[in-house]
Amino acid sequence: MTHHDIPPAHESFLTELEGLAGLASQKSGLSLEVSDDLESPWSFNWATKRITANPADLALRPPDFCRGLVLHEAGHAALTRLFDVVPPALHRNSAVHHLLNVLEDCRLEGWLQARLPGCAPWIRMYNNLLFAPMLESSREDL
């Protein structure tokens, strides 16, 4: 586990998150890193087998929000093969990549809830917190 300027009280929570990610993904060598950038999104890097966590979320969001997101990224580690299928030129900042990722997110969230039924409230929490503002603004446009 790699982290920067995390208070000692969070050490056990980070250990829990890393263990949860390993359990869900069944990938050996999977690690958790807390980003130095407060704007950094949660992500998984296939080359390094590393989940990157957002430090602001760890400090300010409920623990179940973070549990849900670490499971989400572990789901990518276990299931996602976009980088095996999509040409490298389309991996980042492309409509194709974003569309495939949205579809993949739905697939892996279903898989996670079937595999770990107790995680459904965690997934619902991060979806509600991350996407509710966007859905609300789109309703106002109607």
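Start by selecting Asn 54: its side chain reaches the backbone oxygen of Leu 38 at 2.9 Å, a polar contact (a pair of N or O atoms within 3.5 Å; within protein, one must be able to donate a hydrogen and the other to accept it, and residues adjacent in sequence count only if both atoms are side-chain atoms). You're in a predicted model, where local features need pLDDT of at least 70, side-chain atom pairs count only at pLDDT 80 or more, and totals for chains, interfaces and linings use all residues. Residues are numbered from 1 along each chain as its sequence is written, and side-chain values use heavy atoms, with hydrogens and water left out.

Asn 54 sits in the loop between strand E3 (50–53) and helix H2 (55–60); helices (H or I, at least four residues) and strands (E, at least two) are DSSP runs, numbered from the N terminus. Is Asn 54 buried or exposed? Buried, with a relative accessible area of 6% (buried means under 20%, exposed over 50%, partly exposed in between; 1.4 Å probe, protein chains only). Show Asp 37, Leu 38, Glu 39, Ser 40 and Trp 42 too: Asn 54 touches them, not counting residues up to four places away in sequence (contact means heavy atoms within 4.5 Å).

Next, the sheet. Three strands make an open sheet in the order E1-E3-E2, with mixed pairing (two strands pair if DSSP finds at least two bridges between them). E1 and E2 stand at the edges with a single partner strand each, so one side of each has no neighbour in the sheet. Pick E1 and E3, which pair in the parallel sense over four bridges, and find Leu 32 opposite Ile 51 in E3. H1 packs on the sheet, touching E1 and E3, and its direction makes about 140° with that of E1 (axes are lines fitted to C-alpha atoms, for helices over the stretch in contact, and angles run from 0 to 180 degrees between N-to-C directions). H3 also packs on the sheet, touching E1, E2 and E3.

Now select both helices: the axes of H1 (residues 11–25) and H3 (residues 63–79) come within 8 Å and cross at roughly 35°. Among the residues that meet are Phe 13, Leu 17 and Leu 20 in H1, and Val 70 and Leu 71 in H3.

Last stop: Gln 26, in the loop between H1 and strand E1 (31–34). Gln 26 has a positive phi of about 55° although it is not a glycine, and is exposed at 56% relative accessible area.
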